[in-house]
Amino acid sequence: MNVNQHTPMASPYGQPQPGYGQPGYAPLDGGYPAPYAPFNGPASAYQPGAPPQGYSPFTSFPSKAVAANPVSDLSSPLDLGPARGPPTSGATPVSAPQPYNQYSHSQGDMQNGPPPMTQAPPRPAASQQYNQGAVNLSGPQPSYPQHYGPQPSMQQVANQMTGMQITSGPPTPAGPGYAPPHSSHPPVNTAYSAAPPHSYTQAPPPASSPPTQPPPPSGPAASQQYYGGPTPPSQQPFNSSLPPTSQQQFASPAPPPPSSQQTFPPSSSYSGPAPTPGQAPAPPASQPQQSFPPTQPPFSSAPPPASHPAFVSGPPPPAQGSFPPRAAPLSSQPGSFPPPGPSPISMPSGQYPGPMPPQQQPPPSQPSPYHSGPPPPRAQMPPTSMAQSNHLPPGPQGPPGPLGPMQQPPSQPGMQGGYPPQQNGAFGQVRGPQPGYAGPYPGQPNYGAPATAPAPAPAAQKRLDPDSIPSPIQVIEDDKVKTTEPFTTGVRGQAPPLVTTNFQVKDQGNASPRFVRCTAYNMPCTADMAKQSQVPLAAVIKPLATLPPDETPPYLVDHGEGGPIRCNRCKAYMCPYMQFIEGGRRFQCGFCSCVTEVPPHYFQHLDHTGKRVDCYDRPELSLGSYEFMATVDYCKNNKIPQPPAFIFLIDVSYNAVKSGMVNIVCQELKTLLDYLPRENPEMDSVVRVGFVTYNKVLHFYNVKASLAQPQMLVVSDVSDMFVPLLDGFLVNVNESRLVIESLLDQIPEMFAETRETETVFGPVIQAGLEALKAADCSGKLFVFHSSLPIAEAPGKLKNREDKKLIGTDKEKSLFQPQVAFYNTLAKECVAQGCCVDLFLFPNQYVDVATLGVVPVSTGGSVYKYTYFQAQSDTERFLNDLRRDVQKLVGFDAVMRVRTSTGIRATDFFGSFFMSNTTDVELAGLDCDKAVTVEFKHDDKLSEETGALMQCAVLYTSCSGQRRLRVHNMAVNCCSQLADLYRNCETDTIINFLSKYAFRGLLSNPTKAVRDTLINQCAQILACYRKNCASPSSAGQLILPECMKLLPVYLNCVLKSDVLMPGADVSLDDRAYLRQLISGMDVSESHVFFYPRLLPLTKFESGSLPVAVRDSEERLSKGGLYILETGLHLFLWVGASAQQELLVSIFGTPSFSQIDPSLTSLPVLDNPFSQRLREIIESFRAQRSRYMKLMVVKQEDKSELIFRHFLVEDKSASGGASYVDFLCHMHKEIRQLLS
């Protein structure tokens, strides 16, 4: 068959191949650029310096312009309104340090921060320059800190923000998100203004405006609605033809021209004549501004509600919203723009409802905000509140209008890089001025002056409506609706349903998505294109994944003594991409094109299409995944391997005994040993077992079947570990059952009165390793350990937990192993095929970063039960232990990923060891472990042949057989960026980015890691906006349909305990999560970063209730909700829940009588109770770790823990809310484009 042909495959699964249709909205932004290097970006885009003055809109952007593809359908414009500039100088620096604080500060803070993204400045027409707020950027604008002039009060800012509207309306003819170029209009400013307020109302944008972008096929409206419109965002049809851009316009931009109509509320639009740019003397305001209709609130294309005005001058309501409409917080506005330009933009749109006061416009003389130099401080209007600015006196403030888009915050140099130091408010909603801030926005210049007085903001402020921005739930539900039939893997480059969708897979030539998921199913043809888009090219491979009962596991193929048929040159294994030629006597490799002779015993004739006539009888010729029996040539030392062994090493120090752990482990092992892994359920397992206990010394046990009682042998010289017995240490369970049970009964009694508190750890692993070496087999060590190993011995550790290092450049040292001993030990374990699983029961710091080195490097797992209490934690521990012992596992594994010419695997993430650049070595590989592989170009790819990858894993099965498991995947290649953005998987991109970031913590400060992530995400989205979306106002945030959830998911990664820990998160917890996520597959990382929150109302039999978004706003006092993270399970009970619900679940009608310490629900005989317990069990069955149930009563202290997982809200540790972060991303994108 043709090498390139997709293997014969059934037609695609109905999904639109383009991919977008696909559910996967996944790819979030791509990987980060260099390891956290600041982004130099393709263009200077991010440079700190201000963009060139003129900024042509996208000049700096490197990417090639791809025609503005109609991709727009792909996009969802979110009009965020004028972008907020970087926070004005006023921003409080405070936030800066905090990682994300910038946004986080208080919700309200946002205002200080860079202007809300949502308001992104309108994007000028393509032709125009983009002066976003950048205008001055080039000049030395101060980073936010400076103030230009008095700053507007926060309130004002807030008002502005509130003003923004995100409404989405029908797209304008031009297309969603696009307002007709407003250039003509003065509204440009409005843009700004609009931006500010954005109320994000949903009103439909005026028809005229949205059109600007081509409406997403699905219907611009839809998309728009997405953000503002009625339609649920995600589903909006973005998919329409273009790559759906998810363009929903967020706000569909209001039609620019009528500025008034723009959505931004009037002010934003300036409704009225909006100050024309002209008025404002604004310089070329027209350019940018006009370009976009005012940035209006992006979403809003609808006419701005009056509210916009709200922005208007009134001070923003303090709390206003998390992101108040961000009216563009002024400062935030265009670039915070305080510096630069008039805040006008910032004003809530409302503010300017009418034409802006001309005075505002910057007087011509004033430097226009655009000008590159630093903006005159004064000149700028106080960005603070747009509204105010509105009011600003004509004076210096002036140039508000013009700033318009430029205002965008000019990027201040500082900002450019990562997050600019945001003022604290950077992201938050606008609130009243925060105490520490200077003025309204502290940094905002008042631009002039008075700006402060807000224009009377007439309307109350509004914040960006969370319902108008892309909803993960909507996307997930739409994908479920779309997936009605089995997913057949026969079509090359077809993105699979999302991981949250239940679907059946039919293997027709490519590996099932349960084994392999890619970030992009359309690979860029060239390295330049890949670099321009910044979308990471990676695959998450789970080689031994368990399949649902209705899917066939990979077939085992035995080619006899000759072994598998392989390419002579690249050694790729026979697969559907090999093309037989010369009547079937030779085959051409699909990976390297080398021609190889077909061995006589494998010869078969070809049919009239060039396929072998036995094609469908041989798994390796027709399927994506299969296994080969390996010959002795594939075995270590060319010897058939011995069956593996399991060794249990139990800490019997004082803490371990007192907690009850020793007794629980010994009792459980008596029954668990009957469930050792086996391939054939009818046969007894061939796995042998051994037992060791330890504290400061090690105790080995002889449990030979011929003994009446077990014998203990003590090794006290831990500095030179050896195994004191060979015969009788590793035994068959059935033969030695009585002796083993006697031993397990005696261990807890023997150490019941121990007073030994110190433990060793290194010698314990050495002991297990030496035992496996002596038996000449591979195996697994189960280590049950309780405390920091401080006793004198190899691998001794000291307590190095130092909270003072958190947030400093030395923080990375806390994630690195304390001593090199364990790295060396891990290498020895991998060479022997000794995998280590560590069960920790700490009551204080145990240095997980160091103790976890051996488990992580050997393909093992770390389980952590902090403050273990027998009563409440036994169930979780025993379920984890049972699953860990029973699950199928391969030993002594080596994985290699081969690719077709043009790309190669360059980087690997997961729990393994690598001694060279190509072979991933795993002492143990179980069904839960995933390896993430990144690909880079080393040549050009062709659209005809696509790109191929083959993952081959050589391993020893638990029955002692040497096998090769092969997974093949073919993806399309594209020369147009629009095709790349049409066929990505956001969940997989986030899986890759999180692993990339978490590994980066070992060598970079946490803030640099976060900035790199944000930068890469901004570049991915800016490249799309520049090259694929239809022209539209810069105030609109336009997202590719399949990546519209990139910002919300990326924010979840940024807010995770690893990158932004709360005060109560220990260093051990962070190290544990960092290691855990490195081996997660896409479904686990998805629920970890964006937990599943289900309302418990009426259950339909068999189906689950539809989930709700992870925000406190979605919780009703009268309801019950279950929240699942993959590691935790919460049952939240509202204070006014119905009595009958409480009786049917808890057996009590009173909220006050519910016991918050429950870890399991009472078994009650009623349908509701039974169904709820079934749901909980089904959730647990889907995860690799047992989730302990925690009952959370509303307003109880435990609610703080629960709220931590409501990831769309602002986090206590300073993480931005989704709305605020979206605005911040919009601002970053605008800066890149300017």
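## Before we start

Because the model is predicted, local features are described where pLDDT is at least 70 and side-chain atom pairs where pLDDT is 80 or more, while totals for chains, interfaces and linings use all residues. Residues are numbered from 1 along each chain as its sequence is written, and side-chain values use heavy atoms, with hydrogens and water left out.

## The protein as a whole

Let's begin with the overall picture. The protein has 31 helices and 30 strands; helices (H or I, at least four residues) and strands (E, at least two) are DSSP runs, numbered from the N terminus. Of its 1234 residues, 69% are buried. Here, buried means under 20% relative accessible area, exposed means over 50%, and partly exposed lies in between, with a 1.4 Å probe and protein chains only.

Contact means heavy atoms within 4.5 Å. Among contacts with a separation of 6 or more, 84% join residues 24 or more positions apart.

## Nonpolar cores

A nonpolar core is a set of buried Ala, Val, Leu, Ile, Met, Phe, Trp, Tyr and Cys residues joined through side-chain atoms within 4.5 Å. The largest one holds 178 residues, and F700, M895, M1043 and F1146 touch the most other members. Helix α24 gives the most to this core, with ten residues. A second, separate core has 40 residues, including V652, V665, V731 and Y863.

Take a look at F1146. Leaving aside neighbours within four places in sequence, its contacts include L1120, L1131, V1133, I1154 and V1191.

## Two helix pairs

Two packed helices are described by the angle between their axes and the distance between the axes. Axes are lines fitted to C-alpha atoms, for helices over the stretch in contact, and angles run from 0 to 180 degrees between N-to-C directions. Angles under 35 degrees count as roughly parallel, over 145 as roughly antiparallel, 65 to 115 as roughly perpendicular and the rest as oblique. A crossing is left-handed if the near helix is turned anticlockwise from the far one by less than a right angle, and right-handed if clockwise.

Helix α23 (residues 986-1000) and helix α24 (residues 1006-1027) have axes that come within 9 Å and cross at roughly 150°, so α23 and α24 are roughly antiparallel. The crossing of α23 past α24 is right-handed. L993, A997 and G1000 of α23 meet V1009, L1013 and Q1016 of α24.

Helix α17 (residues 762-775) and helix α18 (residues 821-832) pack at about 20°, with axes 10 Å apart, which means that α17 is roughly parallel to α18. This time, α17 passes α18 in a left-handed crossing. Residues in the contact include I765 and L769 of α17 and Y822 and L825 of α18.

V830 is in helix α18, and V830 counts as buried because its relative accessibility is 6%. Although V830 and D892 are 62 residues apart in sequence, their C-alpha atoms are 7.3 Å apart in space. Not counting residues up to four places away in sequence, V830 touches S857, T858, D892, F913, E921 and A923.

Q534 is not a glycine, yet has a positive phi of about 65°. Q534 sits in the loop between α12 (527-533) and β7 (538-541) and, at 13% relative accessibility, counts as buried. N638, also not a glycine, has a positive phi of about 55° and lies in the loop between β12 (625-629) and β13 (645-651).
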